[in-house]
Amino acid sequence: MRETFSEKVIARGRELPDREAVIFRREILTYGTLADRALIAAGFLAAAGVKKGDRVLFSAVSKPETVVAYLGVQYAGAVSVFIDKNSTMQHAADIYDEAGAVLFLSDMKKAELPGHIRCVSMKAVCRGSLEDAAHALADAGTGSAGSLPSADEVVAAHMPPDPEDLSEILFTTGTTGKPKGVMLSHRAVLSILTHTKEGIGIREDDRILIPLPLHHSYSLRVLRAALYGGSSVVLQNGLTFAREIEQNLDSHSCTAIAVVPVSMELLRAQMQDRFYEIMGRFRYIEVGAGSLTVEQRKRLSANLPDTEIRNTWGSSETGGALFINVSREADSPLHVTAIGKPLPDIRVYVLDENDSPIESSPEHTGRLALSGEMLMSGYWNQPELTAAALKNGMLLTNDIVYADEDGFIHMLGRSDDIINVGGEKVSPLDVENVACEFPKISECACIGVPDTETGLGEVPVLFFASEEAVPAGEIRAYIAANTEKYNVPVHYVRIDALPRNRMQKLDRKALRSLWEEGAGDKDFGA
């Protein structure tokens, strides 16, 4: 197997010690410094009694110490378990127990954590001071300053892992709210970072701005791909202030940025008439954790001619798996609606109701499945859930798709989001793509609700946000003129903003709750 993520980055510290690796505001870690700090962290873990395969939990703050902790845990042969920096004490304790962790690297107030949790300061371990790491070791109750191995001793003691050894666990929230621990092997991590590097076209001289939570699979795959390939990453604590993006562009000459779809509209609102000027300074913009609408694809491509817009479909279970150069395909009627195309070593299948592969087309849709080395090993301590997701070497998703004649994959929506209108299967994404081109709508989402008139099937409802009240009849007429009759929503609900989760993904469950609570008693703006 090739060098693991941590092995490669630490080796770069010897090969390219002065190249900038991780940047956060005025703090800059070169590859040499990053490697040195990661080896101190790995030595601390060894001295603290952490063994191969032990799970180590740490808070994923958007700062260099998170990258150091990640590398140190990996190089020590332990398993990385990431947790949202905004997690509550109770959530941290729950994940610690669920993972069977032996250590928690965090600067939460230890006194407020349950007594059985072994917590030490991540700053002390990962900021690069041997003295601080020694104090942390004493605090952990397992050694003294003399117990810390040197960097050379850590390297000499390092044992390369087996490709199928567990590398990390990404805890996500499933539909029931119960955390799901996605297990990734070292082989899968290498495959995922390679796909990201090749699918996006990351170059060694790129300086990639990551203004996203570092515990999320999207952020992690960008981070891994960049550092493995010798690029630089610039960390930013969220997209709250567009001004910080411009400051990072000015201070650190960023060439690329990783964002989610709604971020583009938030930034456009904040930057106003300077949006295209500022965003046009990037060589490329990658959009992940969701798909740009057709309207966004056309508008961004037209107004950012010197910036590549790339959209990636992926999941915690697969990493980025389907890639599309939006700038190249925005004028293609056939491809503009696609979520992407797989790389040669990623195999994509469209399955029928019996989970058998079919020849797909717009008329023959089915469930998306994938296979390849990037697949997760399963869900931590959930064998039944694993068996349902992994079958015959494939990962089965709940996404309904079709493949066009050029191999591009088109998404209709999740199976439980498809709307049954009098026997016709309506894709909420198709409705949204049309509705979002209506000039007065800033964002929208479609769901299906019971058809109260016939008692059979469902009817589409469009939730939309707009700066001014818009008669529902205007929107209905526009959609009817641009799509099939059965796609036209029956009800229209104006709201201030669409509900979204922490990664700014649309929360359709919240929209259904709004409807059930009476939001649909009348057509807002009618």
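Where is the place of S253?

1. S253 sits in the loop between α10 (242-252) and β11 (256-259); helices (H or I, at least four residues) and strands (E, at least two) are DSSP runs numbered from the N terminus. The model is predicted, so local features need pLDDT of at least 70 and side-chain atom pairs count only at pLDDT 80 or more, while totals for chains, interfaces and linings use all residues. Residues are numbered from 1 along each chain as its sequence is written, and side-chain values use heavy atoms, with hydrogens and water left out.

2. S253 is a residue other than glycine with a positive phi, near 50°. Its relative accessible area is 47%, which makes S253 partly exposed (buried means under 20% relative accessible area, exposed over 50%, partly exposed in between, with a 1.4 Å probe and protein chains only).

3. N392, found in the loop between β19 (390-391) and β20, also has a positive phi near 50° and is not a glycine. N392 counts as exposed, at 78% relative accessibility.

4. Strand β20 (residues 394-403) contains T397. T397 is buried, its relative accessible area being 10%. Setting aside residues up to four places away in sequence, T397 touches W313, R367, L368 and L370, where contact means heavy atoms within 4.5 Å. A polar atom of the T397 side chain lies 2.8 Å from the backbone oxygen of L368.

5. Helix α1 (residues 5-15) is largely enclosed by the rest of the structure, because nine of its 11 residues are buried. The buried residues are F5, S6, E7, K8, V9, I10, A11, R12 and G13. Their cover includes α2 (31-47), α3 (64-75), α8 (186-200) and α9 (217-228).

6. The axes of α1 and α9 are 9 Å apart, and the two helices pack at an angle of about 40°; axes are lines fitted to C-alpha atoms, for helices over the stretch in contact, and angles run from 0 to 180 degrees between N-to-C directions. α1 is therefore oblique to α9 (angles under 35 degrees count as roughly parallel, over 145 as roughly antiparallel, 65 to 115 as roughly perpendicular and the rest as oblique).

7. On the α1 side, the contact is made by F5, K8, V9 and R12, and on the α9 side by R224, L227 and Y228. By class, this contact of α1 with α9 has four nonpolar, no polar and three charged residues (Ala, Val, Leu, Ile, Met, Phe, Trp, Tyr, Cys and Pro count as nonpolar, Asp, Glu, Lys and Arg as charged, and the others, Gly among them, as polar).

Key:
A polar contact is a pair of N or O atoms within 3.5 Å; within protein, one must be able to donate a hydrogen and the other to accept it, and residues adjacent in sequence count only if both atoms are side-chain atoms.
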